[in-house]
Amino acid sequence: MKITRRDAVAMGLGATMVAMLPLRVSAAGEEAVMAFTGGAEAGEGDITLTAPEIAENGNTVPISVAAPGAVEIMVLATGNPSPEVANFKFGTASGGAEVSTRMRLAGTQDVIAVAKMADGSFIKTARNVKVTIGGCGG
Amino acid sequence: MISRRDFLQVSMAASALYGASGFGNWARLAAQQRLTQDDLLKFDTYGNVSLIHITDIHAQMVPIYFREPEINIGVGENRGQVPHVTGADFRRLYGIEDGSASAYALTYDDFAALARAYGRVGGLDRMATVINAIRAERPDALLLDGGDTWHGSLTCLRTQGQDMVNVMNKLRPDAMTFHWEFTLGSDRVREIVGGLPFAALGQNIFDKEWDEPASDTFESYKFFERGGVRIAVIGQAFPYMPIANPGWMFPEYSFGIREQRMQEMVDEVRAKGAELVVCLSHNGFDVDKKMAGRVKGIDVILTGHTHDALPEPVLVGETVLIASGSNGKFVSRVDLDVRDGRMMGFRHKLIPIFSDVIEPDKEVAAAIEAERAPFREELEEVVGRTESLLYRRGNFAGTWDDLILAALMSERDAEIAMSPGVRWGPSLLPGQDITREDIYNVTSMTYGQAYRTEMTGERIKLILEDVGDNLFNPDPYYQQGGDMVRVGGLGFTIDVTKPQGERFSDLTFLATGEPIDPARSYVVAGWASVNQGTEGPQIWDVVESYIRKQGTVSVPKNDSIKVIGA
């Protein structure tokens, strides 16, 4: 496909508009966490969420979650129109509870990972991922 | 066994000693017109390992003028902390006399007058002399290049970096990391790296498709045995390459800070017997400072990217941060005492490359000449003359950028202009001719097309807020380095302490003095778009055409930007 200057500029500005709105945690996001935990409070624990500080491409952001001993891991993009990104279940034959995926982010927002542990308790962690237009390197 | 407390005392004493003897003496000697190469190089060799750090040369092979910033604001925990200290405050902090050689090298005031007294700085042939002198005292010193080497001049652009590769090879670096190099395109980078006689490092350079280290081309670290010490040098390339520069030019690669992997690499090299761990970084100073406090076990971080020059190291815990400036203006020497598998102390000197004081190395001078000869006529053509001091550094504006913005608005018939807040590009003194080489030195790049488009007032505000957050986000890991996008035809107020979306106010359309209308479309010209397929004339041709018409240029004081919270 040949991209004309007009298209390129339009695309650039489209990206700008998306990037500029820092998104807050949506009610849907909080609801999704509550539905996952059955209303229980998720505490801190041995759960690691790896995500870029600034996304290189908001359309495909690589993340990984590790939570040793988890039976289930849920990933939420709290600022997306549909916050639920993925839900991973680990059986007794699973290896370590560690997952990687890529997701689309509508803008700068917190990504949350919640893990259900074997004893039925929940732990969670969050990372802020920035989506930006960039363009001015030193 | 030396305690941490002892370690810090020893280190600080050594450092303070050097700051004092080095800088105090230059001021006095220079005042007596006796500044010599021996004074600049004077160093009591210490310990058993020497590191030589050069970074952000931006293809400046020959001596230039380079004015340091007046405005360099730190936010969050870095407010008022080095390197966010400038001018008189900087001189007071380091005990530098006004008007001294050190004041000229490290601060901005009276720049034109001091430049006439002390002359040009830099030049790879002078750097070679300094490096060879250090090697004469410590033959196995490690020479480490922090990157932004193969970008920034006419000859570098024309030869796709080959001129710099050829000359740098004569300096015999031991390792290098990267940033602007990638704007040559990934094929060209791989072609050059494949032939380099030294290590190309970057633990954070990843294969994008498989999200794993791109170790077929870039190693994460390399071991060196020097002075009986096993040294591991870990590379850290610029983390935000595909965001700050056009990702489509190197689509196979992903970067990022990758702090966890940095820790894994440190642990891995320690497990393999590293007694000294050095990080050769292009993170930027504040990012490195944060990383030093979170990643355990790095002895020395050789910082780059943000172009800061600090006459003393900054200590974070037991990690020593070295900042060696840009554009070939400085060489850092760090001597270390490594015993019983750990660093016991250091001695450091930031050596300014005063071009008139340091004898050029003949072999390297000849190599530079050979690279420049085919372009001589083109380089030296006089395009115009400047009555103003032309410089770039500063968070919000520089006279070079004001000139470029005026050229964009005039030549591209635009109401508003935007110019990227890069930190490279030498200065010109009032009364100097402007040659084509000078214009390329502040504009050359592989994506220099000057676009012309329309943007609503709302979009202009959104762009300012986005770029502003890259510079003033209180968390350094969210900063990309560089400075604020420069604007022409537009005035604004910025409160650097506010969050994104609230920093910019009072946007004013300077042509009418009226507030920017969010709903109105403005004709905007700019350059260095990261978008693929951007069309327009090259920025250096736009600037040349404008300066030719003007003959002699003069840049009025820019008073259209107001800063709050600095």
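**Helix packing, sheets and domains in a predicted model**

Axes here are lines fitted to C-alpha atoms, for helices over the stretch in contact, and angles run from 0 to 180 degrees between N-to-C directions. Helices (H or I, at least four residues) and strands (E, at least two) are DSSP runs, numbered from the N terminus.

Before I continue, please note that this is a predicted model, in which local features need pLDDT of at least 70 and side-chain atom pairs count only at pLDDT 80 or more, while totals for chains, interfaces and linings use all residues. Residues are numbered from 1 along each chain as its sequence is written, and chains are lettered from A and ligands numbered from 1 in the order in which they are written.

I return to the first pair. Two residues are in contact if their C-beta atoms, placed from the backbone, lie within 7 Å. Ala, Val, Leu, Ile, Met, Phe, Trp, Tyr, Cys and Pro count as nonpolar, Asp, Glu, Lys and Arg as charged, and the others, Gly among them, as polar.

Helix 18 (residues 539–550) of chain B also meets helix 16 of chain B, with axes that come within 9 Å and cross at roughly 135°. That angle makes helix 16 of chain B oblique to helix 18 of chain B; the remaining labels are roughly parallel for angles under 35 degrees and roughly antiparallel for angles over 145, with oblique for the rest. Which residues make this contact? Helix 16 of chain B contributes B:Arg436, B:Ile439, B:Tyr440 and B:Thr443, and helix 18 of chain B contributes B:Ile539, B:Trp540, B:Val543 and B:Glu544. They divide into five nonpolar, one polar and two charged.

Three strands of chain B form an open sheet in the order 18-16-25, with mixed pairing. Two strands pair if DSSP finds at least two bridges between them. Strand 18 (433–435) and strand 25 (552–553) of chain B each have a single partner strand and stand at the edges, so one side of each has no neighbour in the sheet. Strand 16 (residues 382–386) and strand 18 of chain B pair in the antiparallel sense over three bridges, and B:Arg385 has B:Asp433 in strand 18 of chain B as its bridge partner. Helix 16 (residues 436–443) of chain B packs on this sheet, touching strand 16 and strand 18 of chain B, and its direction makes about 65° with that of strand 18 of chain B.

Four strands of chain A form an open sheet in the order 4-3-6-7, with antiparallel pairing. The twist averages 15° from one strand to the next. Strand 3 (residues 70–77) and strand 6 (residues 109–117) of chain A pair over seven bridges, and A:Leu76 stands opposite A:Ile112 in strand 6 of chain A.

I turn to the domains of chain B. An automatic or database domain assignment divides chain B into domain 1 (4–370) and domain 2 (381–564). The C-alpha centres of these two domains lie 28 Å apart. Their contact takes 43 residues from domain 1 of chain B and 33 residues from domain 2 of chain B. Helix 12 of chain B gives four residues to the domain 1 side, the largest share. By class, that side has 21 nonpolar, 16 polar and six charged residues.

Finally, two backbone details. Most residues other than glycine have a negative phi, and most peptide bonds are trans. The peptide bond from B:Val82 to B:Pro83 is cis, with omega near 5°, and B:His58 has a positive phi, near 50°. Where does B:Pro83 lie? B:Pro83 is found in the loop between strand 1 (49–54) and helix 3 (87–94) of chain B, and B:His58 has its place in the loop between strand 1 and helix 3 of chain B.

Notes:
Angles under 35 degrees count as roughly parallel, over 145 as roughly antiparallel, 65 to 115 as roughly perpendicular and the rest as oblique.
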